[in-house]
Amino acid sequence: MNDGRGLLVRVNSVDKVFHRGSEEIHVLGGLDLEIPEGEFLALMGPSGSGKSTLLNLLGGLDRPSQGSVEVGGQRIDRLSDRRLAAWRARHVGLVFQFYNLMPVLNTLQNVELPLLLTRLSRTRRREQALLALDIVGLSHRQHHFPRQLSGGEQQRAGIARAIVTDPTLLLCDEPTGDLDRKSGDEILDLLQALNREQGKTIVMVTHDLHAAARATRTLYLTKGTLTREPEA
Amino acid sequence: MKYLGLVWGNLKRRKLRTLLTLLSVLVAFVLFGYLAAIRQAFSAGVDVAGADRLIVRHKVSIIQFLPETYEARMEQIPGVANAMHMTWFGGEYQKPTNFFAQIPVVPEELFDMYPEYLLSDAHRAAFLATRTGAIAGRRTAERFGWQVGDRIPIKVVAWRRKDGAGFWEFDLVGIYDGAEKGTDDTQFFFRHDYFEEARAWGSGLVGWYVVRIDDPARAAEVAAAIDAEFANSPRETKAEPEGAFVQGFANQVGDIGLIMTAIVAAVFFTILLVAGNTMAYAVRERTSELAMLKAIGFTDRGVLGLVLGESLLLAGVGGGLGLVLAWVLVSTGDPTGGSLPVFFFPARDLAIGILLIAVLALAAGILPALQAQRLQIADALRR
């Protein structure tokens, strides 16, 4: 698996249990995963299989009930809430299915949002946000608000926001799930380019085989465990 | 400052709701400012009352007269520095609603007793030299457009002249200013010798006395000595510190401070509910956005700060504009046309207003902000 490249993510014996009243729901059980630097990994599986939960654990949005999550040599499951937030700001770019753009901010301001947490000057923030918009081909829409953009454009803005801090890891939760085929293909082209040309490590959750085909590796999550092949 | 755009943008999300909330807060603070000015007007005399001055009136009521001869007797009492008498004239200028106090005085005694009434040397000399002379406070002079040299006719029912006339005429020889903002500069003083000579009845009687004492710490003791001096006489006295006298006057209307506080408290409680409701909705309807902010690296405290910032901006803009508007309205002057001579928005109440803005912002925003702070990212993103 580690074909000469450094290992970026190591998930070791991770359990994740949710509590609903007195009921315990075991979503992930003893899960192991290694992701080398520069990989484009697709995670597939039926609804409720734990794909998004795993993505949340990789991005430090949630903590495992047991086991460890190591990214870039750092045990993120051991970080305090405050340090975990700082870690996310520095190392993780998130792309959501429904874009999650702020409707009250224009495209440029939305992309600039993660940079507010840095010490960059206003001018530098603007420059960096414009560069990110340029990469996703959305410079001409910088002053438009999300409601004025198509779904594909909104997702491009979402990707620009995710890459604006130059994160170590790009996590995409069904990035084409709300788009038509053409727009979805454009987004996948963009993710592929980010992976191939800029060496971004990408983990993408998807239901779509067509989307997963763009990844360098696909894993299937079934009943809380990972397999190389879908369950028959 | 870099988060201001984000905070302001969130408030603009529901423009009508934000506008209505802003207006509610604005109206509350206008009311606060205006009521503060009214309360100040009622207590102004108390605030600027001389600690070394006593008021001596008839024991039964201030409308009962005292003999003019009491002045010399009072000045013999140990602890009394000097005394002067005043009498309520109660006239009207042009029409009954043009209310202001007119008081006959001995000019030298007035200047000595009330150094806070500032008068130029020329005006002072003119008042001493003119038997029909009068001086008016700056506010009253400006109210009626009086100039030094004007002849002021005052109609009075209670004090008819010996010649049967109900009109008195005075020559305005001076205009005085107040040394402090709360000093009453609406009064009209004229000479007692002119009054004494021309009035048809009541010769030798005066309304009340103002007594300066040597040591304010001995006020109660000196007041008791004055009352003892005239005990068992046909006209017994009641002496009390000037502040207590003015406060007693104001209390005839009611406990103004308590009434104002009750009104302001009721208004602010209502506004707290309005602003709190706005903030609660503002947070509830964008749970996923707040989760997104946390996901991209905003800390729990950062999100708490953003929501509190919105609350502070809402209360700050509404309350700030309200205080400014209250100041503008109060600056237009006494709304009663003379019954509240000292009418202004005190700096102390302005500071309280600013503090109230902060309290309102915190109280309205803290629960939604804590809710936002506790938001679990993974759960909230699924909603």
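**Close-up views of a two-chain predicted model**

**View 1. Chain A as a whole.** A compact globule of 232 residues would have a radius of gyration near 17 Å, and chain A agrees, with 17 Å; this radius is taken over C-alpha atoms, and the globule rule is 2.2 Å times the number of residues to the power 0.38. This is a predicted model, in which local features need pLDDT of at least 70, side-chain atom pairs count only at pLDDT 80 or more, and totals for chains, interfaces and linings use all residues. Residues are numbered from 1 along each chain as its sequence is written, while chains are lettered from A and ligands numbered from 1 in the order in which they are written. The C-alpha trace of chain A spans about 45 × 45 × 40 Å along its principal axes. Of the 232 residues in chain A, 50% are buried (20 or more other C-beta atoms within 10 Å of a residue's own, with C-beta atoms placed from the backbone).

**View 2. The open sheet of chain A.** Chain A has seven helices and 10 strands; helices (H or I, at least four residues) and strands (E, at least two) are DSSP runs, numbered from the N terminus. Look for six strands in the order 6-7-8-3-9-10, forming an open sheet with mixed pairing (two strands pair if DSSP finds at least two bridges between them). Strand 6 (92-95) and strand 10 (225-227) of chain A are at the edges with a single partner strand each, so one side of each has no neighbour in the sheet.

**View 3. Two strands side by side in chain A.** Strand 3 (residues 40-44) and strand 8 (residues 201-205) of chain A pair in the parallel sense over four bridges.

View 4. Helix 6 (residues 181-198) of chain A lies across strand 3, strand 7 and strand 8 of chain A, at about 150 degrees to strand 8 of chain A. Axes are lines fitted to C-alpha atoms, for helices over the stretch in contact, and angles run from 0 to 180 degrees between N-to-C directions.

**View 5. Where chain A meets chain B.** Chain A and chain B each give 19 residues to the contact (C-beta atoms, placed from the backbone, within 7 Å). Helix 2 (residues 81-91) of chain A supplies the largest share of chain A's side, six residues.

Definitions and conventions:
Contact = placed C-beta atoms within 7 Å. Buried ≥ 20, exposed ≤ 12 C-beta atoms within 10 Å, placed from the backbone.
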